[in-house]
Amino acid sequence: MNAIVDPRSTRQLRAERLQGERALREAQSLRYRVFSSEFDAQLNGAELGLDMDDFDIHCRHIGVRDLASGELVATTRLLDHLTAKQLGRFYSEGEFALHGLADINEPVLEIGRTCVAPAYRNGATIAVLWSELAEVLNQGGYRYLMGCASIPMRDGGIQARAIMQRLRDSHLSTELLHAEPRTPLPELELPDNLTAQLPPLLKAYMRLGAKICGEPCWDPDFQVADIFILLKREELCPRYARHFKAAV
């Protein structure tokens with residue numbers, strides 16, 4: 001477990017491997033609160049105040065806990081290539097045709113359902129979560145981390161299109177893996193003066209050195225545009241790799 005004191009407050013945060021049904025329910029409850037309020041998502045388990053699906057029981061779940069309150073304040077789930085093979089696919093393959101994935105003959109870990117409680121969206125929380133993720137990467141010998149980062153679609157996709165326009169030149173790479181969206185975004189004409197702010201999670205992935213592998217997919221259940229990202233361990237940005245020190 002990794003722990004850190006948030007320098008901007010007296011919070012003490014600790015990373016955890018979330019094991020057992022009770023811990024999984026905590027993660028699903030946090031996901032429900034974040035996704036339903038921010039994305040107006042249509043979630044399985046909503047009647048119970050949970051976000052749940054058939055992949056949850058096959059994934060490893062990690063999180064960050066505030067030791068003072070005991071509250072789980074961040075979580076993500078992880079699915080490795082061996083389990084995905086047994087299931088028949090990665091979760092991301094429901095949204096994307098992943099051309100080239102079968103040719104990657106090295107350990108791959110998929111990250112998904114990442115969320116952080118609004119009051120804890122700062123560098124300290126992400127650093128704790130990233131450090132625990134680093135240990136999982138290191139222990140499993142995974143060379144690639146892949147998954148999706150979401151952009152809200154409440155504006156009809158304007159921000160998603162603008163963000164892709166911003167990232168396409170500097171962060172798009174389809175040489176190793178090409179993610180073809182099963183439900184592409186609708187075509188839009190963008191204003192010339194539109195500015196695009198990257199969502200925090202997508203910004204964090206870009207800072208780590210991740211590449212985007214194709215155009216976004218529209219997820220109508222979550223009301224978001226999902227961008228598929230791929231991070232190669234050897235290409236971690238040195239400035240941010242300290243959060244992954246155990247994995248490089």
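This is a predicted model: local features need pLDDT of at least 70, side-chain atom pairs count only at pLDDT 80 or more; totals for chains, interfaces and linings use all residues.
A pair of aromatic rings is described by the distance of the centres and the angle of the planes. By the rule applied here, the structure holds 5 aromatic pairs. One of them joins Phe-35 and Phe-39, whose rings are stacked, with 6.1 Å from centre to centre and 20° between the planes. Both residues belong to helix H1, which covers residues 21-39, and because they are 4 residues apart there, about one helical turn separates them. An α-helix has 3.6 residues a turn, so residues three or four places apart point the same way. Phe-35 is buried, with a relative accessible area of 6%. Phe-39 is likewise buried, at 12%.

A further pair consists of Phe-55 and Tyr-91: the ring centres are 5.4 Å apart and the planes stand at 90°, so this pair is edge-to-face. Phe-55 is found in the loop between H1 and strand S3 (60-66), whereas Tyr-91 is found in the loop between helix H2 (81-87) and strand S5 (96-99); the pair therefore ties together parts that are 36 residues apart in sequence. Is each of these two residues buried or partly exposed? Phe-55 is buried, with a relative accessible area of 12%, while Tyr-91 is partly exposed, with 23%. The ring of Tyr-91 also has a charge over it: the charged end of Arg-77 sits 5.1 Å from the ring centre.

Attention now moves to helix H3, which comprises residues 123-140. Its 18 residues reach 25 Å from the first C-alpha to the last, close to the 26 Å expected at 1.5 Å a residue. After the helix comes Gly-141, which has a positive phi near 65°. The buried residues of H3 include Ala-127, Trp-130, Leu-133 and Leu-137.

Which residues touch the most other members of the largest nonpolar core? That core has 57 residues, and Leu-133, Leu-202 and Met-206 are the ones with the most such neighbours. H3 supplies the largest share of this core, namely 7 residues. Beyond its neighbours within four places in sequence, Met-206 is in contact with Leu-167, His-171, Leu-198, Ile-212 and Ile-229. There is also a second, separate core of 19 residues, and among its members are Leu-79, Leu-101, Val-108 and Phe-228.

The last topic is the backbone. Most residues other than glycine have a negative phi, and most peptide bonds are trans. Asp-40, although not a glycine, has a positive phi of about 55°. Asp-40 lies in the loop between H1 and S3, and it counts as partly exposed because its relative accessibility is 46%. Gln-223 is another residue other than glycine with a positive phi, here near 55°. Its place is the loop between strand S10 (217-219) and strand S11 (224-232). Gln-223 is also partly exposed, with a relative accessible area of 29%.

Key: Residues are numbered from 1 along each chain as its sequence is written. Side-chain values use heavy atoms; hydrogens and water are left out. Helices (H or I, at least four residues) and strands (E, at least two) are DSSP runs, numbered from the N terminus. The expected span of a helix is 1.5 Å times one less than its number of residues. Buried means under 20% relative accessible area, exposed over 50%, partly exposed in between (1.4 Å probe, protein chains only). A nonpolar core is a set of buried Ala, Val, Leu, Ile, Met, Phe, Trp, Tyr and Cys residues joined through side-chain atoms within 4.5 Å. Contact means heavy atoms within 4.5 Å. Rings of Phe, Tyr and Trp (its six-membered ring) pair if their centres lie within 6.5 Å; planes under 30 degrees apart count as stacked, over 60 as edge-to-face and the rest as tilted. A charge sits over a ring if NZ of Lys or CZ of Arg is within 6 Å of the ring centre and within 35 degrees of the ring normal.
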